[in-house]
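Below are my notes on the model, as numbered points. Please read them with the coordinates open.

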Amino acid sequence: RGDADLVSMARPMLADPELVNKAAQGREDEINTCIACNQACLDHTFANQRASCLVNPRACHETELVYVKTKKPRRVAVVGGGVAGMSAATVAAQRGHQVTLFEAQAELGGQFNLAKVVPGKEEFHETIRYFHVMIDKYGVDVRLNTAVSREQLEREGYDDVVVATGIVPRQLRLEGSDLPQVLSYADVLRGAPVGHRVAVIGAGGIGFDVSEYLLHDPRVPQPQPLNLWKKEWGVDAQSNYHTEGGLVRPEIEPAYREIFLLQRKDSPVGQTLGKTTGWVHRAALKKHGVRMMRGVSYERITPEGLWISLDGQEQLLRVDTVVVCAGQESVRQLMPGENEPVGARYHLIGGAKLAAELDAKRAIREGAELAASL
């Protein structure tokens, strides 16, 4: 209509190069939405690596990762409806294979269902939405609330089984870790009650996400994410940016909880976060008074709180809740043993293959690459 002379997009075109065509054709629901994570585009660029895209592994790999229609359709079972499994299922079905996707929970999404509730990660909803649309478009048979066994898979006679069963949070091996005030990050992000003084064990990406999530009172409706961001960073939208530099004094909402973010390593807290986004997470927690402590040894948990040693001195952190963000363990029981007779070919991808710091970029890529090779 002439409303604008130019629309400039960069990252969204990596996520979906057909964005404009899909919008023009009324297929907005099929757009693979950029989630503004920077993990495979800007972070790769600043590390002198090839730019790509977390939600679209074909970005800048178009001649290497090619989805060709199969001449020999196979019956494929994908077990696990996280992003690795959804990626594998949609690409395999797009290529013409007959795909059944098994998910033990009541909804697809896996760890993205936890990530999407973290402040600043609301766009993760869009990735789940996109996969839902692609699953419907390409006719994937989805079976929710179905914890499938290898015996059932073998009985149904699949040609290929993709094991994308993901991870479970690692248990804390510490005296008192079975006390009721000890929660996993998954418990917390699913809405478990948390006290007002909290110790977060583990300062990787998940520890930072959980700390940001716990800053706010869950009973109080939060402003729109963009409005809250403007307020806390002093961006002057109220006067239409007429102030000098478009800036005003930031208004920091008092943190709802007192939070201790702890790590064993003596390196700076948050050092492993992404180059382009890590500084924001560190600054946000610092603004809200989160105490970030490194070089911590965990001694025991008692009803009074978490006992730690720091600089050779034992001390008690009087906290109501201890949240464990100390890694994950792969769930791969479906994989047959080396000499175990099976009729299908079994493939391992995503967190089930490697339970390092949750890596959606690798999970989606592995799902797509495997499906492209079937």
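1. Leucine 262 is buried, with a relative accessible area of 0%. Buried here means under 20% relative accessible area, exposed means over 50%, and partly exposed is in between, with a 1.4 Å probe and protein chains only. The residue belongs to strand β8, residues 258-262. Helices (H or I, at least four residues) and strands (E, at least two) are DSSP runs, numbered from the N terminus. Leaving aside neighbours within four places in sequence, leucine 262 is in contact with Ala199, Val200, Ile201, Gly202, Ala203, Met293, Val296, Tyr298, Leu306 and Leu317; contact means heavy atoms within 4.5 Å. Between the C-alpha atoms of leucine 262 and lysine 230, 32 residues apart along the chain, the separation is 29 Å.

2. On provenance: this is a predicted model, in which local features need pLDDT of at least 70 and side-chain atom pairs count only at pLDDT 80 or more, while totals for chains, interfaces and linings use all residues. Residues are numbered from 1 along each chain as its sequence is written, and side-chain values use heavy atoms, with hydrogens and water left out.

3. Two packed helices are described by the angle between their axes and the distance between the axes. Helix α4 (residues 83-94) packs on helix α12 (residues 360-373) at an angle of about 25°, and their axes are 7 Å apart. The axes are lines fitted to C-alpha atoms, for helices over the stretch in contact, and angles run from 0 to 180 degrees between N-to-C directions. The two helices α4 and α12 are therefore roughly parallel to each other; angles under 35 degrees count as roughly parallel, over 145 as roughly antiparallel, 65 to 115 as roughly perpendicular and the rest as oblique. The crossing of α4 past α12 is right-handed. A crossing is left-handed if the near helix is turned anticlockwise from the far one by less than a right angle, and right-handed if clockwise.

4. Which residues make the contact between α4 and α12? From α4 they are Val83, Ala84, Ser87, Ala88, Val91 and Ala92, and from α12 they are Ala360, Ala363, Ile364, Gly367, Ala368, Ala371 and Ala372. The residues of this contact of α4 with α12 divide into 11 nonpolar, two polar and no charged. In this scheme Ala, Val, Leu, Ile, Met, Phe, Trp, Tyr, Cys and Pro count as nonpolar, Asp, Glu, Lys and Arg as charged, and the others, Gly among them, as polar.

5. Helix α4 also packs on helix α6 (residues 124-137), at an angle of about 30° and with the axes 9 Å apart. The pair α4 and α6 is therefore roughly parallel, and α4 passes α6 in a left-handed crossing. Here Val83, Met86, Ser87 and Thr90 of α4 meet Phe131, Met134 and Ile135 of α6. By class, the contact of α4 with α6 has five nonpolar, two polar and no charged residues.

6. A search of the whole structure finds zero disulfides, a disulfide being a pair of cysteine sulfur atoms within 2.5 Å. Cysteine 37 is in no disulfide, and the nearest cysteine sulfur, that of cysteine 41, is 6.1 Å away. Cysteine 37 is buried, at a relative accessible area of 15%. For cysteine 60, the closest cysteine sulfur is in cysteine 53, at 9.2 Å, too far for a bond. Cysteine 60 counts as partly exposed, at 32% relative accessibility.

7. Backbone check: cysteine 60 has a positive phi of about 65° although it is not a glycine, and lies in the loop between α3 and β1 (75-79). Alanine 36, also a residue other than glycine, has a positive phi near 60°. Alanine 36 is in the loop between α2 (19-24) and α3 (42-46) and is partly exposed, at 35% relative accessibility.

8. Eight of the 10 residues of α9 are buried, so this helix is largely enclosed by the rest of the structure. The buried residues of α9 are Ile206, Gly207, Phe208, Asp209, Val210, Ser211, Glu212 and Leu214. Aspartate 217 sits in the loop between α9 (205-214) and α10 (225-233). Is aspartate 217 buried or exposed? Aspartate 217 is buried, with a relative accessible area of 14%. Not counting residues up to four places away in sequence, aspartate 217 touches Gln222 and Tyr256.
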